[in-house]
There are 2 protein chains.
Amino acid sequence: MQALLDNIRIVLVHTTHPGNIGAVARAMKNMGLSDLYLVSPKEYPSERAEWRAANAADTLAAAKVVDSLDEALQGCGLVVGTSARERRIPWPLFNPRECGERAVAEAVSHPVALIFGREDRGLTNEELHKCHYHVHIPSNPGYSSLNLAAAVQVLTYEVRMAALLVSDEMPGEMEWDIERSTADEVEHFFGHLEQVMVDIGFHDPDNPRQTMTRLRRLFNRARMDQMETGILRGVLTGIQHKLRKSDKDNKI
Amino acid sequence: MQALLDNIRIVLVHTTHPGNIGAVARAMKNMGLSDLYLVSPKEYPSERAEWRAANAADTLAAAKVVDSLDEALQGCGLVVGTSARERRIPWPLFNPRECGERAVAEAVSHPVALIFGREDRGLTNEELHKCHYHVHIPSNPGYSSLNLAAAVQVLTYEVRMAALLVSDEMPGEMEWDIERSTADEVEHFFGHLEQVMVDIGFHDPDNPRQTMTRLRRLFNRARMDQMETGILRGVLTGIQHKLRKSDKDNKI
C-alpha cells in the first residue's frame with residue numbers, strides 16, 4: 001500500500017500563508033503521503049510552517065520548491081486540480097471519493113498529482129486547463145471555501161481510504177477481544193434469565209406477554225461475547241443462591 | 001437534507017487551544033453543520049478562536065458551553081466517540097464512512113452526537129464508555145494523531161457525503177454545458193478525418209494499419225460534445241479548402 005501512497009503527489013500553487021504549508025505537511029503525513037511540491041510559495045521556509053507541521057517536520061523538509069506548475073507536474077500521468085466547480089467551460093469532475101479511487105488506481109503505474117491553488121482565489125483557468133480532471137469537495141453552498149489544509153485533509157483521507165480498500169487493509173469493524181457466544185450458550189442464558197424472573201415473581205410463563213421477546217431482542221442484537229454471557233450467568237446464579245439462602249433463613 | 005445535518009451535534013471535550021475551536025466551527029459550517037457543544041474549554045471565548053473561525057463566526061457564537069459531557073449529550077439517541085482504536089476492552093468500531101452513514105440514518109429520528117477529546121490525550125475511558133460506538137480515522141500508524149479540526153473535517157465531510165447520497169443530492173459527475181455528439185455525428189467526423197488523411201497522403205485505405213482504430217479509440221473515449229465535433233469538422237474543412245486552393249494555385 002505504501003508504494004501507492006508514495007506515488008501520489010500534493011502540489012500547492014502560490015500558497016500565501018506558511019502556516020497552511022505546515023498544516024498540509026501534517027495532514028499528508030497523517031494519511032501516509034510524503035511527496036510535496038510547492039510552486040512559488042509567498043513565504044517559505046518559515047518558522048510558522050514548521051510549527052504547524054508538528055511531527056511532520058520530515059515531510060516539510062523534503063518538500064520541493066519549484067518556480068512553475070509545469071515543473072511540479074513533470075512525470076505525472078494523472079493530474080487533478082481542485083476547483084470551486086462552476087466553470088464557464090465545465091471540465092470532467094470528480095467528487096473526493098471518485099478522486100481517491102482514481103488516484104490510487106492510476107498510482108499503480110505512474111505518479112499522480114493533486115493540485116491545490118491559492119488560499120483566496122484557487123487555481124487560475126490556465127492552471128485548471130492543465131488538468132485531466134477537476135475535483136470538487138461538495139461543501140455547504142452558503143460557505144464553501146475550505147481552509148487549504150482542510151481541503152488537503154479531505155482529499156488525502158479519500159486517497160488513504162481507497163488505498164486501504166484496494167490493498168484489503170481496511171481495519172476490520174469488529175475486531176473483538178473475546179469469542180462471541182454461540183447460539184446454544186445464549187439460549188442457556190435466556191433459560192436461566194427466565195427462571196430467575198419466575199423465581200422472583202416478575203414473570204409468569206403462563207401469561208408471558210412480551211417480556212421475554214423484548215429481552216431476547218435486546219440481548220441478541222448486542223451480539224454477546226462469552227465473557228459477557230459468563231458474567232450474566234454468574235449474576236443470575238448469585239441471585240438464585242441469595243434467594244435460596246434468604247428462604248432458608250426465613251424458615252429457621 | 002439540511003434537517004439531517006441540523007440533527008448532528010459536534011461535542012468538543014476539554015479543548016486546550018482556542019484556535020482549534022475556531023477551526024472546528026469553520027469545518028462544520030463548510031460541511032453544513034451548526035450544532036456545537038464545548039465541554040469546559042480551557043480558554044474560551046477567545047479572539048484566536050474567532051480568527052480561525054473566519055466566516056463561521058455565527059457557528060462559533062452559537063456554540064453552547066457546558067460543564068459536563070452528560071449535559072452535552074442530553075437528548076442524543078446515538079453517541080459516537082473518536083478513539084485511537086487500541087483499547088483494552090474493544091468497543092464496536094466504525095470507520096469514518098460507516099460513521100457518516102449511521103449518523104445520517106439515525107439523524108432522521110433523533111439527535112446524534114460525535115465527540116472529540118483533548119488535543120493531547122483524546123477522550124478518557126469513562127467518556128468513551130458513554131458512547132454506543134467508537135470511530136477511528138485509519139491514519140498512518142507512524143503518525144496517527146490528526147489535528148483536532150482535521151479530525152472534525154474528515155468526520156463532518158463523511159456526514160455530508162452520506163447526507164448528499166441519501167437525499168439524492170450528490171452533484172453529478174458529468175454536468176456538461178453542451179450536448180454530447182450523437183453516434184452518427186461522430187461517424188461523419190471520422191469519415192471526414194479519414195478523407196483528409198488520404199488527401200494529405202498520410203493514410204492509405206488499402207493499407208490502413210492501426211491508424212484509424214487508434215484515432216477512433218482516442219476520440220471515442222473523450223465522449224465529444226457537439227461543439228467539439230463542430231470545431232474539428234470546421235478545421236478539417238479548412239484544411240481541405242486550403243489544399244484545393246494550393247492545388248489550383250500550383251496549376252496556374
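**View 1. Helices α9 and α10 of chain A meet through their side-by-side residues listed here.** In this predicted model, Val186(A), Glu187(A), Phe189(A), Phe190(A), Leu193(A), Glu194(A) and Met197(A) of α9(A) touch residues of α10(A), including Leu215(A) and Phe219(A). Contact means heavy atoms within 4.5 Å. By class, eight residues are nonpolar, two polar and three charged.

View 2. α9 spans residues 183–199 and α10 residues 211–221, with an angle of about 140° and axes 11 Å apart.

**View 3. Chain A meets chain B.** Here 50 residues of chain A contact 50 residues of chain B. About 4000 Å² is buried between them, and carbon and sulfur atoms give 54% of that area. Buried area is the accessible area (1.4 Å probe) lost when two parts are put together, summed over both.

**View 4. A salt bridge links Glu158(A) and Arg97(B).** The N to O distance is 2.7 Å. A salt bridge needs a side-chain nitrogen of Lys or Arg within 4 Å of a carboxyl oxygen of Asp or Glu. The two chains share two salt bridges.

**View 5. A cis peptide bond joins Tyr44(A) and Pro45(A).** Omega is about 0°. Pro45(A) sits in the loop between β2 (35–39) and α3 (47–53) of chain A. Ser40(A) is in the loop between β2 and α3 too; its phi is near 40°, a positive value in a residue other than glycine.

Residues are numbered from 1 along each chain, and chains are lettered from A as written. Local features need pLDDT of at least 70, side-chain atom pairs 80 or more, while totals use all residues; side-chain values use heavy atoms, without hydrogens and water.

Notes: Axes are lines fitted to C-alpha atoms, for helices over the stretch in contact, and angles run from 0 to 180 degrees between N-to-C directions. Helices (H or I, at least four residues) and strands (E, at least two) are DSSP runs, numbered from the N terminus. Ala, Val, Leu, Ile, Met, Phe, Trp, Tyr, Cys and Pro count as nonpolar, Asp, Glu, Lys and Arg as charged, and the others, Gly among them, as polar.
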